[in-house]
Each structure stands twice: as structure tokens, then as C-alpha cells.
Amino acid sequence: MKDPSKPLGDSLQTHKTQSTAEQTMERLIFSLSELEHLGQTLISGHSNFNHSSKTYLRITLGTLQIRRGAILRYHATGQNLDVVAATPDETFAPILVEPDELEALLKHPFIENTAPPESLKQFFARSTKLSETIDIRLWIPLKIQDEFLGMIGLGKFLARDTLEAWEMELLTTLAHQISIAIAYSQMVEGIQSEKFRLFMLAESAPQICQLLQPEAAAEQVVQQAVSLLDANAGALMLTDTAQQALEMHYAFPENLLENSTVQDTTNGNGLVISYGEDTPIPQEATSVKVLKSVVKEGIPGHCLPKFDTLFGGKNLMAVPIPGRDGDILGVLVVGDKEERGGRITSFTDEDEILLDSFAKQAGVAIENAQLHQEALEARQLQAEMEEARKIQVNLIPETLPDIPGYEVAGHYEPRGPVGGDYYDCIPLPTGHWGLAIADVSGKGMQAALLMATLRAGLISELSRAESVKEEALNQSSLYAEIATMAMILNSLLYASGTEEKYATFFYSHLNPETDILTTLNAGHNPPLLIRKDGTYKWLGEDVGGIPLGMFPNDMVSSIAEYEAEHVQLASGDVIVYYTDGVTETVNIEDDYYEEDRLVEASKACKDKHAEGIRKYLHNAVMEFQGEADQFDDLTLLILRKE
Amino acid sequence: MNKFDIQVRESKEHAIIETAGYLNDALGEKLSEKAQELIQNGYTLLVINLEQTTLINSIGISILIEIIEALDEREGTLNFCGLSATQERTFRMMAIAKYAGIFPDEESAIANL
């Protein structure tokens with residue numbers, strides 16, 4: 001028996017020296033052994049047909065004593081035949097097979113190259129390069145039942161023009177063996193591919209769910225989807241429900257959007273697609289429509305390369321990413337599924353189911369990462385709030401000074417997020433006193449820092465005023481001095497914040513010798529003056545300027561200039577300074593405490609000492625509040641003339 | 001080394017192929033070509049370093065299997081290194097680990113050829 005690996009020339013030598021019967025017998029024995037070899041190749045675990053196709057071709061040519069030939073494998077998705085083995089070993093382009101040609105190929109066990117059926121003439125015209133290179137005489141379609149698997153093309157037969165009957169039977173058997181090998185290879189490849197996909201699907205879920213950074217989760221989701229679907233591109237777009245827009249979060253490869261011709265807005269990652277009802281776009285690109293449809297309808301969508309303007313002409317498949325509550329978090333897109341050999345093929349129904357399953361896991365991962373991020377931000381905010389609270393508490397005096405002839409009591413109670421309430425009682429070198437109460441807009445660190453700025457500015461201005469001999473000031477000079485201070489504080493706060501950052505501020509200059517209280521209101525709640533006889537008055541109600549820091553000084557002058565006024569205090573008079581946390585306290589029925597209740601409560605306790613009034617008013621507010629939640633700090637400053 | 005690239009380092013006894021980028025059909029074919037070339041040149045001890053290849057699809061896997069088969073015919077040895085934990089689990093599940101060694105780094109992969 002001949003060694004099948006020996007060159008064909010040995011068989012030729014034998015042909016010359018032996019009788020025909022002996023030659024036939026030897027070739028039959030050789031063929032039988034080669035068939036056994038084929039069988040062994042098939043079951044040896046060398047499942048990849050492309051890899052072993054050269055062996056199949058060599059055995060076929062050797063058995064039939066033919067110099068040249070080729071084996072072609074059919075790819076149903078690409079509808080073409082690939083030359084997987086050829087003698088001579090050259091590279092050939094895939095040959096397209098039309099559906100009607102496929103039917104014709106299935107009908108014929110053998111086709112002579114010189115006399116093809118009418119229905120296959122076009123096919124053979126497309127195969128000319130291969131036919132001419134190999135000098136193909138005979139084609140043998142490879143099939144199992146009605147499944148077309150490929151073809152064998154055989155060149156010139158050695159020392160004869162046609163194959164004998166027994167050779168044709170042998171060729172039929174060889175072709176059948178090769179068909180089985182291709183089918184087996186396809187089956188194994190399919191199993192391997194499915195095994196890979198199922199494993200990747202099972203593996204990717206816990207992996208991506210462990211990623212706590214939204215950016216890392218987005219990257220992994222896209223890359224896993226690309227790998228899972230044998231795709232060459234992918235993208236994750238997440239919804240911004242407020243803006244009704246799909247925003248690009250990650251694209252693979254990085255330069256995916258380089259060939260995009262979609263005219264739309266962009267974010268840091270390059271693409272934003274609005275999907276709101278009121279944003280119709282004339283002649284809108286199909287790929288954009290598909291993505292909008294996926295996010296709005298919640299069903300998968302496909303787009304052919306010729307209609308893809310998003311990613312530069314790719315075959316796209318997109319699925320919605322569902323959230324826990326059934327809302328759509330975004331869209332996962334894969335593009336250009338590849339086959340062995342680099343051919344781009346269509347995504348199948350199975351692919352769609354697979355990507356849809358993966359998108360559900362991706363939804364959990366994305367939500368996990370988003371929740372983690374929100375928790376982190378909340379923790380950071382909490383830490384910031386605590387720091388801000390410390391700053392704020394440090395700015396409010398622990399104890400208030402004794403003012404001769406007066407009683408002072410203060411109360412600050414944080415309720416909810418850190419606000420910017422502030423009060424102070426500052427002794428002046430002249431023996432006079434500066435009393436201030438303020439409410440800085442906003443919450444958190446910014447509010448606390450703005451409050452610190454205000455306090456620092458106030459103390460600085462009052463120190464500067466030290467040089468002024470207050471005794472020399474008449475009342476109008478004092479008015480001007482306080483108004484100037486307000487303008488300086490306004491300028492200071494305006495420079496350090498934005499329009500949203502401002503402070504309501506009420507300042508009182510107390511001369512305990514004359515009992516004259518000179519006041520200035522910059523948009524603060526007017527303090528309440530309760531006279532001993534029960535009559536009352538709101539201070540700074542009529543001459544109030546706008547809050548500090550809201551507008552630049554030149555605008556303040558034109559809108560509402562800061563103006564001071566004064567009031568003469570008498571024994572038993574009480575002034576209740578407060579922030580809006582008092583009058584805007586709500587009860588369980590959503591009623592506000594409001595100024596009227598403050599007046600009534602103040603009247604009821606006006607004869608108490610300042611500390612007693614503070615306690616009484618606080619209790620009154622708390623009693624009104626009951627079980628209701630509060631979100632603003634509560635601040636009171638009581639000044640009582642003994 | 002650029003992305004989507006292959007580097008080959010040859011020594012007297014063995015050769016190391018290093019890949020970077022997505023191991024799909026395009027990169028896989030390049031890898032296969034290099035491996036076949038080395039095998040044709042008589043190398044039967046190969047190391048494939050996948051440290052810079054974080055993404056592999058099923059075609060990449062089938063190409064790796066082919067390289068294992070080609071080397072097996074020559075009774076050669078193939079060792080992998082630089083695999084991520086997921087890749088290692090994939091290789092074990094796809095039975096690649098049955099026919100090729102998996103090692104954490106080049107040094108140990110070479111030592112076990």
C-alpha cells in the first residue's frame with residue numbers, strides 16, 4: 001500500500017510498469033486505505049474543515065490520479081463559495097451563488113465544465129479564473145440531503161479523458177465523505193461558537209455587575225457585546241429622560257464616530273440624538289430613526305449598511321436596555337458581524353435574542369453603577385454638609401455679650417440641609433453695638449462659605465468704622481456710614497458668588513446711651529418691634545434694599561438703594577429678629593406659621609426676659625410644626641430694653 | 001506596539017508571538033499566518049502572549065484552536081500567557097487549556113515549553 005503522503009509521481013511510475021488489472025487493484029486498495037484515513041481525520045478531533053481541507057484534496061487527487069483540483073466551501077450567510085484548498089495553492093476570490101443556481105447545483109451529482117446546464121452558465125462564468133487556473137474538467141457539488149455544502153473541482157485526468165465507472169463511484173464516495181466532514185465541521189464550529197457565546201453570556205453578567213464606575217461598566221458592556229456577537233463595532237447610548245435624548249457613552253472602536261455624517265449635537269463622547277415628539281427632522285437618516293424607535297418602542301431594530309450614517313455604513317443591530325422599573329435606560333448597538341474569512345454578515349434572529357438577553361444584564365450593571373455613583377455623591381455631599389455645618393456653627397456666637405440696659409438671646413437650630421443662617425452681636429469700640437442677622441441663599445458648602453465671607457466683611461467694615469468718632473456722627477452721617485457698609489458688603493458678595501448666591505441681611509446699630517437703634521434692611525424679613533403697650537412695628541419694611549450680592553453696586557443704585565432709618569427704644573420694648581425658617585415653618589396641614597402668628601406669640605411673651613421670649617417663641621413654632629418635616633434652619637435673635 | 005498588531009520574537013529553541021487589540025478574524029488571520037510561518041520554519045515550541053489582547057471573539061478562539069491543531073501535527077507545544085481571568089476561564093471552558101498550557105507570564109510559559 002502506498003504512503004498517501006508520497007507525491008503523485010509515484011503513482012504515475014506504477015501506472016507505467018504494471019498491468020491495468022494490477023493498477024486498478026492497487027488503486028482500489030489505496031483508495032480504501034485513504035478512505036479509512038479520511039474517516040480517521042474526521043473523528044480525530046481535527047474538526048476545522050478549512051484546516052484539513054488540503055488533506056482531503058490531496059487524498060482525492062491522489063486516489064483518482066489527477067494533478068490539479070480544488071475544494072470550495074459554501075457559506076450560506078454570504079451566499080458564496082470560498083476556495084479552501086487548491087492545487088496549485090493560489091488565492092481565489094469567493095464566488096457568488098445565486099439562489100436559483102443553488103437549486104441547480106443540488107440537482108446535479110456531476111457537472112462537466114465544458115457543458116454546464118443553462119441555469120449554471122452565469123455561475124461558471126463567475127468561476128472562470130478558478131476554472132482556468134486549475135483547468136477544471138469536472139465539478140462535483142457537495143451536499144447532504146438538500147443542504148448545499150460546497151464543490152470539488154477536478155482538473156485534467158492523467159492518461160485518460162474520462163473517469164471510469166468505478167472511479168466515478170469512488171469519487172461519489174469521496175465527495176460524500178468530504179460532505180460529511182464539512183457538515184461535521186460546521187456542526188462542531190456551531191457548537192463551539194454557541195458554547196463560547198453561552199459561556200460569555202454567563203460569564204459577563206457577574207463581571208459587568210461588579211463594575212461600580214459607570215464609565216467602566218459602559219466600556220465592558222460594549223466590549224462584551226461586540227465579542228459575544230462576533231461584531232466589529234459597538235456603542236452604548238444612554239437616555240437623558242429630562243432632555244429626551246440619547247447620549248453616546250462608549251463607542252468601540254474609539255474612532256467609530258469618525259465617519260459619522262449625522263448632523264446633530266454632540267457631548268463629550270461625540271453624539272446626542274433627540275427623540276422627543278416635537279423634534280421631527282426632515283429626511284432623517286434611517287439609522288437615527290432606528291435608534292429612536294428602539295428607545296421609544298422598546299423593541300430591537302436593524303439597519304443595513306447603506307442606510308447607516310451614524311457609524312459610517314455598518315450593518316447595525318440595536319436593542320433597548322431595560323431598567324428595573326421597566327423604563328428604557330438606553331440602547332446597545334453592535335455593528336458588522338463578521339464570519340471566518342472576514343466577511344461581514346447579517347445578524348440573525350438568534351443574535352437578536354442573545355443581545356437582548358445581554359442587554360437585560362447590562363441594564364442591571366448600568367443601574368448598579370449609577371446607584372453606586374449616586375451613593376458616592378450622596379456620601380460626598382453628606383461629608384461636605386457636615387463640614388459646612390461645622391463652619392456655620394463656628395460662625396454663630398456661642399454666647400452673646402451683655403449690653404448695658406439690654407438683654408440679648410439667640411437661637412440657631414439646623415433643620416434639614418445646611419443653610420446659611422447667621423446672627424451676631426458685635427461690640428464696637430465706642431461702646432455701641434452692631435447686631436446682624438442674615439440668611440444666605442443655597443445650601444451646603446457654598447452657602448457656608450458665602451456666610452463666612454459676609455461675616456468677615458462685616459467685621460472688617462465695623463473695624464474700619466472704629467476710626468470714625470461715632471460721637472461726632474450725626475444721625476444722617478450714621479445712615480450714610482451704614483449704607484456705604486452695605487454697598488461694600490454687596491460688592492464683596494457679588495464678586496464671590498453668582499446670581500443664585502446672595503444673602504438677605506439686616507443690620508442694627510445700637511447706641512445704648514441714647515437707646516437709638518439705627519437699622520438697614522437688605523432684603524431680609526423685617527424684624528418685629530413689640531412695644532411695652534403691645535403695639536408693634538416691622539422694622540425696615542418700607543426702606544428695604546435688595547439682598548446683598550444679587551446685583552453689582554451700579555445696578556443696586558438704580559434698583560433700590562440701601563437706606564437706613566432709626567427707631568427710639570423705650571423700656572420693655574422687644575425686637576424679634578428672625579429668618580424665614582420661622583415664618584415659613586409648615587404644619588401637617590401645610591399651613592405656614594407666617595407673621596401674624598409671630599406677632600401674637602411675641603405679644604404673649606413680651607414681658608418675659610429675652611431668654612424667656614426666645615424659649616417661648618421657639619416652643620410656639622415647634623408646637624405649630626407638630627409632626628411635619630422642616631427643611632430650613634430656624635434662627636431667632638431677641639433684643640429687649642430693660 | 002501599536003493596537004491591532006503582532007510582534008514575533010524568535011530564539012533558537014522557541015518563538016514568542018505577542019498580540020495587541022481585538023482578536024477577531026483580522027487579527028486572528030495575522031496571528032495564524034505568523035504561527036504557520038514559524039511552524040514551517042521548524043519551530044515546534046511557541047508562546048502566545050495575549051497580555052495586550054483584552055477582547056477575543058469566537059472566530060479568534062477557532063483560530064487559536066487551529067494553531068494548536070497545526071502544532072499538534074508536528075508534536076509541538078503551545079503555551080499561552082498574559083491572559084485575563086475571563087480569558088483563562090474561557091480557554092478552560094473551550095478546552096483550549098487541554099491542549100495548550102496557560103501561564104501567568106512569558107518567563108513561566110517559556111520554562112514550561
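The model is predicted. In chain A, helix 10 (residues 349-395) packs with helix 8 (residues 214-228) and also with helix 7 of chain A. The largest nonpolar core has 86 residues, and 21 residues of chain A are in contact with 18 residues of chain B.

**Helix packing in chain A**

- The axes of helix 8 and helix 10 of chain A lie 9 Å apart, at an angle of about 170°. An angle over 145 degrees counts as roughly antiparallel, and the two helices are therefore roughly antiparallel to each other.
- On the side of helix 8 of chain A, this contact is made by A:Pro214, A:Ala217, A:Val221, A:Ala225 and A:Leu228. Helix 10 of chain A contributes residues including A:Leu354, A:Leu355, A:Phe358, A:Ala362 and A:Gln373.
- By class, the contact of helix 8 with helix 10 of chain A has 12 nonpolar, two polar and no charged residues.
- Helix 7 and helix 10 of chain A pack at about 10°, with their axes 8 Å apart; they are therefore roughly parallel to each other.
- Helix 7 of chain A takes part in this contact through A:Arg197, A:Leu201, A:Ser204, A:Ala205, A:Ile208 and A:Cys209. Among the residues of helix 10 of chain A that meet them are A:Leu354, A:Phe358, A:Ala362 and A:Ala365.
- Nine nonpolar, four polar and one charged residues make up the contact of helix 7 with helix 10 of chain A.

**Nonpolar cores**

- Within the core of 86 residues, those with the most contacts are A:Val221, A:Ala225, A:Leu291, A:Ala318, A:Val331, A:Leu332 and A:Leu355.
- The largest share of this core, nine residues, comes from helix 2 (residues 58-73) of chain B.
- Another core, of 64 residues, lies apart from it and includes A:Val408, A:Ala438, A:Ile482 and A:Leu520.
- Beyond its neighbours within four places in sequence, A:Leu355 is in contact with A:Ala225, A:Leu229, A:Met317, A:Val319, A:Leu332 and A:Val334.

**Contact between chains A and B**

- The 21 residues of chain A that touch chain B meet 18 residues of chain B. On the side of chain A, the elements giving two or more residues are helix 7 (165-209) and helix 8.
- Helix 7 of chain A gives the most to this side, with nine residues.
- By class, the side of chain A that touches chain B has three nonpolar, 11 polar and seven charged residues.

**Strands of chain B**

- Strand 1 (residues 5-10) and strand 2 of chain B run antiparallel and are joined by six bridges; a hairpin links them through four residues. B:Glu10 has B:Ala15 in strand 2 as its bridge partner.
- Strand 2 and strand 3 (residues 45-52) of chain B run parallel, joined by five bridges, with B:Glu18 opposite B:Asn49 of strand 3.
- Five of the six residues of strand 2 (residues 15-20) of chain B are buried.

**Open sheet of chain A**

- Five strands of chain A form an open sheet in the order 14-23-22-19-20, with antiparallel pairing. Its edge strands are strand 14 (406-413) and strand 20 (536-538), and the twist averages 15° from one strand to the next.
- Three bridges join strand 19 (residues 528-530) of chain A to strand 20; A:Leu529 has A:Lys537 as its bridge partner.
- Helix 15 (residues 594-605) of chain A lies across strands 19, 20 and 22, running at about 35° to strand 19.
- Helix 16 (residues 610-625) of chain A packs on the sheet, touching strand 14, strand 22 and strand 23, and its direction makes about 145° with that of strand 23.

Methods. Residues numbered from 1 in each chain as written. Chains lettered and ligands numbered in written order. Predicted model: local features only at pLDDT ≥ 70, side-chain atom pairs only at ≥ 80, totals over all residues. Axes fitted to C-alpha atoms, helices over the stretch in contact; angles between N-to-C directions. Parallel < 35°, antiparallel > 145°, perpendicular 65-115°, else oblique. Contact = placed C-beta atoms within 7 Å. Nonpolar A, V, L, I, M, F, W, Y, C, P; charged D, E, K, R; others polar. Core = buried A, V, L, I, M, F, W, Y, C linked by C-beta atoms within 7 Å. Buried ≥ 20, exposed ≤ 12 C-beta atoms within 10 Å, placed from the backbone. Pairing = 2+ DSSP bridges.
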